[in-house]
Amino acid sequence: METILSYREESYGSAGDSVVVAETDKDVSGRGWGKEIATWCLYLVAFLTPIFFLSLTPSAIYAKETIISLIVFVACLAWLAEFLSSGAFRYTHTLVNAVTAVFLAVLFVSTILSKHFFTSLWGADATGEKFLSWLVFVLLFLLVGSCIDRQKSIWMIAFLFLSSSLLGLVTLLQLFGVNVFSWFGAPGDQFNPVGTLNALMVFYGFIAVLGVGILSHFNKFAGGESRMERWFRYVVFAGVGLPLLNMLLVNFQAVWIAFAAGMVVFLGFTFKDAFGARREGGGPLLAGASFYLPLFLLIISVLLYLVPGPLFGINLSIPLEVSPSMGATWDIAKAALTDRPFFGSGPSTFLLDYNLFRDPALNQTDFWAVKFFHGSSFALTTLATTGIVGMAALFVWVVTLLISFVRAMFRDARVDSVRLALFSALVFGVLMWAFYSSTFTANLLFFMFAGLFLARHSHEGAHDEDVSWWRIHPRVIGVSSPSFMFVASLVSIFCMVLGVVGIYYVSQKYVAEIYFSRGLDIANAGGDLEAAQSYFARSSGIDAKDDRYVRAEAQILFARLQGVIQQAATRQDPALQQQFQTLLSQAIDRARLAQSLNPGDSQNWSTLALVYEAVIPYVQGADQFSIDSYDAASKFDPLNPALFFDSGRIRVGIGDLLFVRSSNASGEARQTLLRERDTLLAQAQQKFEEALRLKPDYAPAHFLLAQVFDRKGDLNSAIRAAENTKILAFSDVGVAFQLGFLYYKADRLANAAQEFERAVSLNENYSNARYFLGLIYDRQGKRQDAIEQFERILVLNQGHAEVQRILANLRAGRSALAGITPPPEQRTQVPVPDSGGAQ
């Protein structure tokens, strides 16, 4: 064993039992095989973090989360195995460790109290917010700080820069239209292994701040790394240059704010070291790259922040990134805290908060149907999902980390450029948490850098006398007591078992995602629905707590059920009856299970309602189950007009069935059916009006509301109300459509044509307005004008069967609706579906 620089003995248990605690900046017990395995695992994590992905799951980045989690767990097992084999436990002692444990405990409590426990525990999120991700980050922080020494830290940083330079080259080509990632099966032209393009710029910002710090002080490189100086310089230069070039071309403003802050911190400590050297007679340190390079980049970053958009007039392939604004995210967080103030809705459940508390004004945008799984700020998202306690724990952890590291650099006379660069990068990361949403990769990098700072830190001479609880120092606990070793071994073995269990479940979760992805591919391609169902069933069999798998299986069963109903309408077959019963039972069972697994997700309620709706004519009581399920869906997503529309639509459909039944009844029975129908129509009217209050231009709700008025026999009142609305909202395309449709129903074709033409002038892609305009032109004898309208609709909605048939009728000289029943004014759906969202 090497000489111990500072040593004390602490007693535990009975006399004679002792645990030797050696505090030193050297590894006093050598490097066993366990520590070597852990070290190489950490090298591998550093290399894979930037560039690794696999396209076997719905999210190609999920493979990175999985493989890195597995590697970290293996490294942790090796670390524990080293203790069992040597009887010495190595770690870096710091106050940050204790605060980290508290923060992790708070996250676990928030997970237990989550609106959906399994989503918070190990859901397939891309933002690194679930508890399992935080556990991996914390373990990585502890492992890097404990298993990596000063020289090994250079190797780890080198692997990181090597991989980052490869990623920088590939994404640079991608900006100019060369999609290298597609050669490896990546989805989409804009894919990258980090997340969105802006998220990638955040990652590059981390790398650039670290690299600039290292290059600025490269001539002062300390710690015995001189033999690798030449190649390390080239690796760092490539790892900084290519990411910086990407950042310049994309010019994401939020990154430049944090980058400038990192340069300011770096310059501040450079001044501190310069004045310290001057007092000791060492001369100024501000004459070279250590001063001018970060100063130059600071000025450039400030200027780039003031110049929005891509630079140099180059036409780059930069996708649009959409997320809730900072103000909208803050409003959601505040509303979420009124519901769950202390521990929030649970890690990785921002979507549930978004559904409940988002700004209704978003319904007036093209992205009204888009769901967001995180806000514009990681800090505000964390406030919503982990509550006041969780946010306070994160804040205390960050403050403790920064104070501990600042204190360590002030108390250490030694100038370590890598450590200073790491601290500047951490400041960059903290600011990006405030200004932008995060990713698994960015969060992993933050904790990796924090661990590397610990690995680079050491104490010399007089500093060994420092006994402050802020002190950072390596510690080795050598157990000399058999009884204490017995207890410690049991604890270590228990942790190793937990690690093995974690490896098993993480691996199984990834396998489940692979099956899920295969099922989605088949279903989206219109392939064998039974094969798709089998893949979803395998996924839910592996992970029975993930409602996504069960919901997908229910939706496939629903599609198969519809196919059986269509077949039964054309031929009588006893086998179809049996198949109908089987599929119905399975679909209801899976839809109910999905709803019970995650009742806070409106999609699960909608799926259950859809299954019941399909069998209303055949199953008694299905109508009320469907109504109740749609109403429940709207409670969990109260600002979604589509859910209120569905709730009204199902009531109109059930009312039509009651009307048909009333024609075959008489007396009081008939009157009862008609009264029930009138009640449903009144409720439907309320639902449609609520949908239109949320989104005034929602065409399907306008369409069915007009039908409700028509069924109530009040067409003139409906027209007058629509005309009054037109005065108040002349430029509202939804109002123009509704009024045109009412005129159409009243056979006022000239007025109807005028309104539909107005709707098309407001939105030239308004397919439903063109549909009725084409029908009017046909009835007015303007056949060529009618053909032009339907041809335009077909361009916007390729493959639409009814539009194709109408065009065939018109070109053959027949009426547009020849052979098409029922006519559009008698239907419960608009002729051309409106999917919403951004097109």
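User: Helices here are DSSP runs of H or I with at least four residues, numbered from the N terminus. With that settled, where is Pro-822 found?

Analyst: In the segment after helix H30, which covers 801–811. Bear in mind that this is a predicted model.

User: What is the peptide bond from Thr-821 to Pro-822, cis or trans?

Analyst: That bond is cis. Its omega is near -10°.

User: Let's zoom out. How many helices and strands are there in the protein?

Analyst: The protein has 30 helices and four strands. It runs to 839 residues, and buried ones make up 55% of them.

User: And the surface?

Analyst: The accessible surface comes to about 34,800 Å². Carbon and sulfur atoms account for 61% of that.

User: What share of the contacts join residues at least 24 apart?

Analyst: 74%, taken among contacts between residues at least 6 apart in sequence.

User: Now the inside. How many residues has the largest nonpolar core?

Analyst: That core has 135 residues. Phe-259, Trp-397 and Phe-449 have the most contacts inside it. Helix H7, residues 197–216, gives the most to this core, with 15 residues.

User: Backbone next. What stands out about phi in Asn-251?

Analyst: Phi of Asn-251 is positive, about 60°, although the residue is not a glycine. Asn-251 sits in the loop between helix H8 (229–250) and helix H9 (253–279). Its relative accessibility is 4%, so Asn-251 counts as buried.

User: What about phi of Ser-348?

Analyst: Also positive, near 70°, and again in a residue other than glycine. Ser-348 is in the loop between helix H11 (326–339) and helix H12 (350–357).

User: Is Ser-348 buried or exposed?

Analyst: Buried, because its relative accessible area is 16% and the cut-off for buried is under 20%.

User: You mentioned H12. Why is it largely enclosed by the rest of the structure?

Analyst: Because six of the eight residues of H12 are buried. They are Phe-350, Leu-351, Leu-352, Asp-353, Tyr-354 and Asn-355. These buried residues pack against H11, helix H13 (378–411), helix H20 (602–614) and H21.

User: Let's do H23. How many residues has it, and what does it reach from first C-alpha to last?

Analyst: Helix H23 covers residues 667–694, which is 28 residues, and reaches 41 Å. That is close to the 40 Å expected at 1.5 Å a residue.

User: Which helices do the buried residues of H23 pack against?

Analyst: Helix H21 (622–636), helix H22 (641–663) and helix H24 (699–711). Among the buried residues of H23 are Leu-673, Arg-677, Leu-681, Gln-685 and Phe-688.

User: Switching to charges. How many salt bridges does a search of the whole structure find?

Analyst: It finds 25. One of them pairs Glu-553 with Arg-590, with the closest N and O atoms 3.2 Å apart. This pair links distant parts of the chain, 37 residues apart: Glu-553 in helix H18 and Arg-590 in helix H19. Both Glu-553 and Arg-590 are buried.

User: Which residue forms a salt bridge with Asp-656?

Analyst: Arg-711, with the closest N and O atoms 2.9 Å apart. Asp-656 is in helix H22 and Arg-711 in helix H24, 55 residues apart.

User: Buried or exposed, those two?

Analyst: Arg-711 counts as buried at 19% relative accessibility. Asp-656, at 21%, counts as partly exposed. The cut-off for buried is under 20%.

User: How far apart in helix H27 are Arg-758 and Glu-755?

Analyst: Three residues, about one turn of the helix. They form a salt bridge with the closest N and O atoms 2.6 Å apart. Arg-758 is buried, with a relative accessible area of 10%. Glu-755 is buried too, at 2% relative accessibility.

User: Which residues do salt bridges that share partners join into one network?

Analyst: Lys-509, Glu-513, Asp-543, Asp-546 and Arg-548.

Conventions: Residues numbered from 1 in each chain as written. Predicted model: local features only at pLDDT ≥ 70, side-chain atom pairs only at ≥ 80, totals over all residues. Heavy atoms only, no water. Core = buried A, V, L, I, M, F, W, Y, C linked by side-chain atoms within 4.5 Å. Buried < 20%, exposed > 50% of the residue type's maximum accessible area, 1.4 Å probe, protein only. Helix = DSSP H or I, 4+ residues; strand = E, 2+ residues; numbered from the N terminus. Expected span 1.5 Å × (residues − 1). Contact = heavy atoms within 4.5 Å. Areas by Shrake-Rupley, 256 points an atom, 1.4 Å probe, with all protein chains shown as cover. Salt bridge = Lys/Arg side-chain N within 4 Å of Asp/Glu carboxyl O.
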